[in-house]
Every structure is written in structure tokens, then in C-alpha cells.
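Thanks for making the time; I would like to walk through one structure with you, starting from a single residue and then moving on to the ligand.

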Amino acid sequence: MSLVRVENLGKSYNAQTKVLKDVSFNVEAGEFVSIIGPSGAGKSTLLRCINRMVEIDEGNVVFDGQDVGSLNKKELRKMRTNIGMIFQHYNLVPRLSVIENVLHGRFGYKTTLEGILGKFTEDEKEQAFYLLKKLGIEDHAYKRCDQLSGGQQQRVGIARALIQDPKIVLCDEPIASLDPNASKVIMDYLKSITMELNITCIVNLHQVEIARDYSDRIIGLSKGGIVFDGSSYKLTTDSTDLIYGTTTPKVQKRQLVTV
Ligand SMILES: Nc1ncnc2c1ncn2[C@@H]1O[C@H](COP(=O)(O)OP(=O)(O)O)[C@@H](O)[C@H]1O
Ligand SMILES: [Mg+2]
């Protein structure tokens, strides 16, 4: 059974434009998949449909055997503990320490009061330090997050997602705010740590080369539809032309390249 099944997914934010059109694909447990495409293609919307940060209009998303669209609030909260999120702008609390931010990843397992009081078990704290160590930032554990570089802050973001003990991490442009060196560090960590912990990973990226270097498989989105879905090494110039809309008019018509 696939960990994620997206079936004929359609999404609009308003009556004029359909942002996702008939999107279907499966992601197997353990896969590292990149979603690429130009700005506005629908990459963020697609990720948000998977954990239902936005409502699904048409079709289905099935995560770990559960129909995401039909879950009630409580079931959705439980499902989301299995989905770690990593964002372009890290979404940390800047004035709080690194360790506090990492422990926020456990909020999904707590009552509101436990969360407010910051009640964490010894196991949770140990796990937080373990992850910070793995990510090479344990020396910064007690620093405020706003004192860290962008790359270090994103490592905090990764630790916060992983302490959830998720089955999957969804990363929305995790390196878009970083310089090339920091980007490489983040992608290396993301790849190695998800492999080691056997966590499935879907990463939205706009850099084709990075997608090719790091992922098993690439999904190319153009104007809300899938125009490429296949192994990274099979992504040709023709496919990237199709994804980024740089083809000649004759072949500009959207066509699915399956390899
Ligand atoms: N909350 C929203 N309300 C209205 N339109 C939105 C919203 N979020 C995204 N869009 C529109 O949906 C389209 C796809 O956006 P998005 O999913 O952010 O694409 P990408 O991540 O590939 O840049 C864009 O045209 C964008 O303007
Ligand atoms: Mg986006």
C-alpha cells in the first residue's frame, strides 16, 4: 500500500482559476520525491492538500490508508502528528531557544495545557538533543533562534519536524532562502537523516539540478497539472522545457511524459 495516494485532485481558491487539475500520483514509503515547477504551478497548494492545510475540492488524498478529506478535527490532528512540515522561512519562534523550538514539534501529542506549560518528558528532551547532535547544532541548543544563520535555523526546522516521529516530511522550498553552500548542507542532512530514520520525503524545489541530485523521483508540475513523473535520471531537457513552459508552440500542449 502506498503511503500517499493522490487521486484526481482538483483545487481552486476562487471561481476563476483552477490551481490543481486532475493530479494523480502515489508515493511509496521510503521514497524521496521532488516536486518541481515554476512559481505559481501549484507546488505549495499540492503539499497543503496532503495534510489538509487547505481543503480538497475534487478527488482524494489518501495518507497511510486514511481518506484525508473525510477526517474530522480530532482525526486530522492525529494524522498530522505523522506528517512533519519544513518551510522556506523556517517558521520558528525567533525569541525562543533552539531546544524550545525543537520541542514544539511534540505539541501535536499534548493537551493545550501541557503545551502552554511546556511540559516535556525526559525522553522528549533526550530525543531533541539527539536530533540536534545529528544535525550538528547541539552547541546552539540554548541560543535564541534569531541568533542563528539561515542554514542553522533550517536545521532546527528539520529537528522540529523529526521529533514528531513522522512517517513523512513535506518540505516546501526548504532552501529557497539559503545560499548555495547552506543549501547543500540542508539537502545533505535532509537526505541522510530521512534515509537513516526511514522517513518518506516530498520536497518542493525550484532548482532542477538539486532535485536531480538528491531525489529518487521527480514530479514536474506545470499550471496545476503533472507533466513529468519519473526517475530523476530520466528528466531530459525536453521534460524540463515542458515543465517550465519553454517549449515551442507545437509541443506546448500539455502532455504527460511517463517514464
Ligand atoms: N491562499 C490562496 N488564495 C488564493 N490564491 C492562491 C492562494 N495560494 C495560492 N494561490 C494561487 O494558486 C496558484 C498556485 O500557487 P502555489 O501553490 O503557491 O504555487 P507554487 O508553490 O508552485 O508557486 C497561484 O496562482 C497562486 O497565486
Ligand atoms: Mg510555493
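Which residues does Glu-7 touch, leaving aside those up to four places away in sequence? They are Val-23, Ser-24, Gly-59, Asn-60 and Val-62, where contact means heavy atoms within 4.5 Å.

Before going on, a word on provenance: this is a predicted model, in which local features need pLDDT of at least 70 and side-chain atom pairs count only at pLDDT 80 or more, while totals for chains, interfaces and linings use all residues. Residues are numbered from 1 along each chain as its sequence is written, ligands are numbered from 1 in the order in which they are written, and side-chain values use heavy atoms, with hydrogens and water left out.

Glu-7 sits in strand β1, residues 4–12 (strands being DSSP runs of E with at least two residues, helices runs of H or I with at least four, both numbered from the N terminus). The C-alpha atom of Glu-7 is 7.6 Å from that of Asp-22, although 15 residues separate the two along the chain.

Turning to ligand 1, its surroundings include Tyr-13, Val-19, Pro-38 and Lys-43, a residue being near if one of its heavy atoms lies within 4 Å. Helix α1, residues 43–50, supplies the largest share of this shell, 3 residues.

As for polar contacts, which are pairs of N or O atoms within 3.5 Å, a polar side-chain atom of Ser-44 lies 2.8 Å from an oxygen atom of ligand 1, and a polar backbone atom of Gly-42 is 3.0 Å from a ligand oxygen.

Key. Polar contact = N/O pair within 3.5 Å; in protein donor to acceptor, adjacent residues only side chain to side chain.
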